[in-house]
Amino acid sequence: MTHYNFAYLDEQTKRMIRRAVLKAVAVPGYQVPFGSREMPLSYGWGTGGVQVTASVIGPTDVLKVIDQGADDTTNAVSIRKFFARTTGVATTTSTEAATLIQTRHRIPETALREGQILVLQVPIPEPLRWLEPREAETRKMHALEEYGVMYVRLYEDITRHGRVAQTYEYPVIVDGRYLMRPSPIPKFDNPKLDRSPALLLFGAGREKRIYAVPPWTAVKSLDFDDHPFEVEHWDRPCDLCGARGAFLDELIVDDKGGRLFICSDTDFCARRRPAADPPRAMW
Amino acid sequence: MYVAVKGGEPAIDNAHRLLARERRGDPSVPELSLAQIEQQLALAVDRVMTEGSLHDRALAALAVKQSRGDLIEAIFLLRAYRTTLPRLGVSLPLDTATMVVHRRVSAIFKDLPGGQILGPTFDYTHRLLDFELADPGEGSAPPMEEGRGPRAEVSLPRVMDLLDREGLIESEPPAREEDRVGDLTREPLTFPAGRDVRLQNLARGDEGFLLAMGYATQRGYGRNHPFAGEIRHGEVTVSLAPEELGFAVEIATITVTECQMVNQFKGSATSPAQFTRGYGLVFGGAERKAMAMALVDRALRGRELGEEPTSPTQDEEFVLSHSDSVEASGFVQHLKLPHYVDFQSELVLVRDLRAAHGTPRVPATHAIR
């Protein structure tokens, strides 16, 4: 890849994106518009995350890429390969060993530490979008901290279903100020956003927005006193590693209703299994 | 067992190999050359250049070949290449009055200075399959009669300028030097958008989308009473005035199609009745796109002209946010990426809700491990 700059983007573009990232860090939860570039991978595949990663990655970084918690899904493989080709940095599947993690739809089960950066790919950054389709309006609502409609929406769920029926991209308030859509992570992962030791960066390429949760920032999932925020739980452990309290994927294994529940975080799961039990061929 | 999207790297490599083989097709059939695509699929090349925002016939032809004729994919390829190019300067506005005209029609005057020039058009062809074309070696194209081609020394006055002289149509505000032209590919779109950025968006916008939007305005969704004031197609020169030179130099000659729509406007309390404009400009001969673009441009000028917006075609956010085929195609198609984490969350919720409702749970048997 000698025809391309380190990490594909030219230095001017990286500088522009870094400025947006700095602004995002300075105003936690605020969506900063940026001059998103057309990338050589498709919109919806993580162009925002890729641009953020490309502008913060350095030669000494160790990169991990996951999709749905897994290191070996096709899109994670493809993005990891893209950076391996364009930067030559070391890549890993280990959450602990990584300095930079790009992810789609999950936050790793292994606790992040200070100094790490987690880059989340975001399809629709605006938390108010399903309530108000117009960008001109939603920007005004954020400026005026006019978030009542979101509480009304959650309340309507409670009157209809007896509970909040939002299961992923569950809305949060960042640092007591901005309403934020934490990308389509399951609400199971929301508690990991709160006072995270790692820097969390969110990149939305098609929508041209970057936002951030700086380390140790308070992130509160919206709820009511009589309906406190809850995460989903499974009444069984992981069928492979026996973990309880991890997010489980459900696999349909035959046509008779047979199910397997396994950790969605493949690195976490593999580490918990005895070394004598190597990952099976299918993984 | 479960292999669907796991198994990553070899699967991707194999997919790429299969794709390359499919693209080539039967090896006993001669391979397409870029020159063939450029010459004989010229309108495909024009569309890819227009919506790809890059005037380069050879690269556009390459993109058409690489994408197996999927023009939206070709546009994407060209865009992804374009984004890596440096911006060396901004050209002066094209002067389409000096165009070397190949085609020029006006639907509002029977005759006008310079006359109507039909040029190469499908308009009056009978859409009968020409089976002679099916035979290889169809022979040479019919020769052009001596002295009948486009002439560089004749410039045709623009119909809009003729109307403007009488004050019948709104004047274009003169370009001011300090007005920087926006660039969507460098800065994000914000609302309300200026006309420069809007026209850039529409020029890059998907032809099918604009066609449908323009058509909708004709059927009453944001009707704006259009007349095709003038459509002209031909060659114009592109000039650049580098600051250090202090004068303009011609850097290229390109082929474009321009459409100027004339639209009725009854006037308001503050302004007398006057025709208004809708504008479309595309590379090459993408005439349908130029016309649709002009209709949509005019529909989106509603706010500026004090018209009450009544339909999505007049809604700037609706139109400009959804016109881009590369963005739309990406987001629609990303639905095939794995979403099983989100879906698992939904499964947990729906099972809980059904249990709360008293629906008996169908027990899931354990798989044999």
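Predicted model: local features only at pLDDT ≥ 70, side-chain atom pairs only at ≥ 80, totals over all residues.
How close do the axes of helix 8 and helix 9 of chain B come, and at roughly what angle do they cross? The axes of helix 8 (residues 207–218) and helix 9 (residues 287–299) of chain B come within 8 Å and cross at roughly 55°. Here helices (H or I, at least four residues) and strands (E, at least two) are DSSP runs, numbered from the N terminus. Axes are lines fitted to C-alpha atoms, for helices over the stretch in contact, and angles run from 0 to 180 degrees between N-to-C directions.

Residues are numbered from 1 along each chain as its sequence is written, and chains are lettered from A and ligands numbered from 1 in the order in which they are written.

**Helix pairs in chain B**

Chain B comes to 12 helices and 4 strands, and its C-alpha trace spans about 85 × 65 × 55 Å along the principal axes. Of the 369 residues in chain B, 31% are buried. A residue is buried if 20 or more other C-beta atoms lie within 10 Å of its own, exposed if 12 or fewer, and partly exposed in between, with C-beta atoms placed from the backbone.

| Pair in chain B | Axes come within | Crossing angle |
|---|---|---|
| Helix 8 and helix 9 | 8 Å | roughly 55° |
| Helix 3 and helix 4 | 9 Å | roughly 105° |

Angles under 35 degrees count as roughly parallel, over 145 as roughly antiparallel, 65 to 115 as roughly perpendicular and the rest as oblique. Helix 8 of chain B passes helix 9 of chain B in a left-handed crossing, meaning that the near helix is turned anticlockwise from the far one by less than a right angle (clockwise would be right-handed). Among the residues that make this contact are Leu210(B), Leu211(B) and Met213(B) of helix 8 and Ala292(B), Met293(B) and Val296(B) of helix 9. Two residues are in contact if their C-beta atoms, placed from the backbone, lie within 7 Å. By class, this contact divides into 8 nonpolar, 2 polar and 3 charged residues. Ala, Val, Leu, Ile, Met, Phe, Trp, Tyr, Cys and Pro count as nonpolar, Asp, Glu, Lys and Arg as charged, and the others, Gly among them, as polar.

Helix 3 and helix 4 of chain B are roughly perpendicular to each other. Their contact includes Val45(B), Val48(B) and Met49(B) from helix 3 and Arg57(B), Ala60(B) and Val64(B) from helix 4. The classes here are 8 nonpolar, 1 polar and 1 charged.

Chain B also holds a cis peptide bond, between Phe191(B) and Pro192(B), with omega about -5°. Pro192(B) sits in the loop between helix 6 (159–165) and helix 7 (195–204) of chain B.

**The sheet of chain A**

Chain A has an open sheet of 7 strands with mixed pairing and the order 1-9-8-5-4-2-3. Strand 1 (32–33) and strand 3 (90–91) of chain A are the edge strands, each pairing on one side only. Two strands pair if DSSP finds at least two bridges between them. Strand 1 and strand 9 (residues 209–213) of chain A pair in the antiparallel sense over 2 bridges, and Val32(A) has Ile210(A) as its bridge partner in strand 9 of chain A.

Helix 1 (residues 11–26) of chain A lies across strand 1, strand 8 (199–204) and strand 9 of chain A, at about 45° to strand 9. Helix 2 (residues 47–56) of chain A packs on the sheet as well, and its direction makes about 155° with that of strand 5 (117–121) of chain A. Helix 2 of chain A is mostly covered, with 9 of its 10 residues buried. The cover of those buried residues includes helix 1, helix 3, strand 4, strand 5, strand 8 and strand 9 of chain A.

**Loops and the contact between chains**

Ser183(A) counts as buried, with 26 C-beta neighbours inside 10 Å, whereas Trp216(A) is exposed, with 12.

The contact of the chains takes 53 residues from chain A and 42 residues from chain B. Helix 3 (74–87) of chain A is one of the elements that give two or more residues to the chain A side, and helix 3 of chain A gives the most, with 4 residues. By class, that side has 19 nonpolar, 17 polar and 17 charged residues.
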